[in-house]
Amino acid sequence: MDRPAPLSREQLCSLCDPSQFDFETTAELEPLDEVIGQGRALQAMHFGMDMQRHGYNIYVMGPPGVGKHSMVNQLLELKRGEQTTPPDWVYVNNFDTPHKPIALRLPSGWGTRLSKDMQQLVEELSVALPSVFESDEYRAQHQAIEDGLKERQESAFSELAGASEKKRVKLFRTPSGFAFAPLDDKDEVIGPEEFEQLSAEEQAAIEAKVGVLQEKLKGILHQIPQWRKESHDALHKLNHEVAMSAVGHLIEQMEERYNDLPEVLAFLERVQKDVVDNVKDFLDGEDGERNDMSGAHRYKVNVIVDNAETEGAPIVYLDHPAYQNLVGRSEHLAQMGTLITDFTLIKPGALHEACGGYLLLDALKLLTQPYAWEGLKRALHGSEIRIEPLEKMLGLLSTVSLEPQPIPLDVKVVLMGDRMLYYLLEAYDPDFGELFKVQADFEERMHRDPESQALYARLIATLAAKDSLRPFDRTAVARIIEYAARLEEDSERLSTHMRSIADLLHEADYWAESKQLVITGAAEVQQAIDQQQHRASRLRERMQEGIARGIVHISTEGQVNGQINALSVLQLGNYSFGQPSRV
């Protein structure tokens, strides 16, 4: 059998000629404004971002280190400027049903404005209300109503007392109520013994007169609660009018500022009614301290989403996608051994912050968080963000909890993960295909030709400028391109594993700095490559040492039936090497 011809040096390694480049250093090159070698993924990303139908969220797949996150961020940053800034969202108190807070939608930047306006309103009310209720005019009217009730009662009893005296009967006021006693000719009270000495006719006559008077007394006592109610209603009406005089113009001033927002106007109307109904919260207590904390708390505005500083669509990356970090939560405070909560303790999740924009999630991290994947799917299916504690969702919560009004969800979710995870979800989760209809598949390599090598040179220039590295000369660029082909183990392809290329650039820059060079050359790039291999080659050297010392015997001469020498390639981390094997 003829032996195959040995491979030439050119066949073993496809060198990159530095003379093909028309620059001296990468400092002369324009930085890249696009991602090279990822045409298919770019097209998928643009389609997913532009497609505004339900379920067209994006799954970005590919191995770690190919620059998925950087490219997605770059594309979204370009896209966000084309979109309008989403609105703010706030939660306010529901005065009718406090455990169901109301969500208000406001133009961007107006959430904080409403919160500050409400805080200022409470401060003004805490001054204005005590002032009008301590005025001489209010006290005079209040006293007049009380005096009217007192006068009405005294007049009725005086009239009854006069009628009694005409019938020779005296009306007494006792600690237990009222009593009647007959009078003699000298206007003195007839005692029980004297009454017994009277004739039966006289006793019957006196009892008849007392009975008539008692009926009149009973009528007066029956009317007194009604008079008190009328007096109380008059005081309530007075308090309402006085409170409205202080509250009305302040609320009207706020309504002028929010005239185009019907939901806010409805909230201000409910605030006005609640302030008038609970005006005592703004008045001085018996201890002289201002008792306005409950009022201030009820009228607070909890800003959930604040887009005042946002330009265009928000881009949110959630590094720890736990269930509560994703959909939000209601926190609790411990008071007197009891956990309490209200609308001011509602905290937003990443879905709130990304509403109207883009939410980036790591697929593996999301799936390893309990119930986070189910929470995301439920929000996407229902197109709303519903804040519920996990205990309630699992049916383990028996106490009353907050039920905040759901907020409409308008978000494009971008999941990033490897290919295996994508195919597993596609195969075993029927919801996945309905919610993530766009796959952006990143390539690990790109075609190698003079044009792509020129683009690779610009890529090196971009990475160097981004990380403030020294410029690389053309020989260094050529060596880096050879290294990229070596990573792919294909002379006609270049690696798009950006992390490996960036690491090589950083390490080459380190060796250039150690030599006090201004420009990084091929020698420094080669030194970085050699050092990478040296750091990872302990096991390779130990195996080769075993062969050199004869511990492992490799026969290289003669012939043996059924036996042949072979070369096994071992992959340890990012480092691979060959080991002789007998087959």
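Where is the place of serine 383? Serine 383 lies in the loop between helix 13 and strand 13 (384–385). Helices (H or I, at least four residues) and strands (E, at least two) are DSSP runs, numbered from the N terminus.

The model is predicted: local features need pLDDT of at least 70, side-chain atom pairs count only at pLDDT 80 or more, and totals for chains, interfaces and linings use all residues. Residues are numbered from 1 along each chain as its sequence is written, and side-chain values use heavy atoms, with hydrogens and water left out.

**Around helix 13**

Helix 13 covers residues 372–382, and its buried residues (under 20% relative accessible area; exposed is over 50%, partly exposed in between, with a 1.4 Å probe and protein chains only) are Ala372, Trp373, Gly375, Leu376, Lys377, Ala379 and Leu380. Serine 383 follows this helix. Tyrosine 371 is located in the loop between helix 12 (363–367) and helix 13. Most residues other than glycine have a negative phi. The table gives two residues with a positive phi.

| Residue | Phi | Relative accessibility |
|---|---|---|
| Tyrosine 371 | about 65° | 38%, partly exposed |
| Serine 383 | near 55° | 32%, partly exposed |

An open sheet of three strands has the order 3-2-6 and antiparallel pairing; two strands pair if DSSP finds at least two bridges between them. Its edge strands, strand 3 (102–106) and strand 6 (302–305), each pair on one side only. Neighbouring strands are turned by 30° against each other on average, direction ignored; axes are lines fitted to C-alpha atoms, for helices over the stretch in contact, and angles run from 0 to 180 degrees between N-to-C directions. Five bridges join strand 2 (residues 88–92) to strand 3 in the antiparallel sense, and tyrosine 91 stands opposite alanine 103 in strand 3. Helix 8 (residues 262–277) packs on the sheet, touching strand 2 and strand 3, and its direction makes about 135° with that of strand 3.

**Nonpolar cores**

A nonpolar core is a set of buried Ala, Val, Leu, Ile, Met, Phe, Trp, Tyr and Cys residues joined through side-chain atoms within 4.5 Å. The largest has 36 residues, of which Leu114, Met118, Leu129 and Val271 touch the most other members. Elements that each supply at least two residues include strand 2, strand 3 and helix 8. The largest share, nine residues, comes from helix 7. Leaving aside neighbours within four places in sequence, leucine 129 is in contact (heavy atoms within 4.5 Å) with residues including Ala243, Val275 and Phe282. A second, separate core of 32 residues includes Met446 and Ile481.
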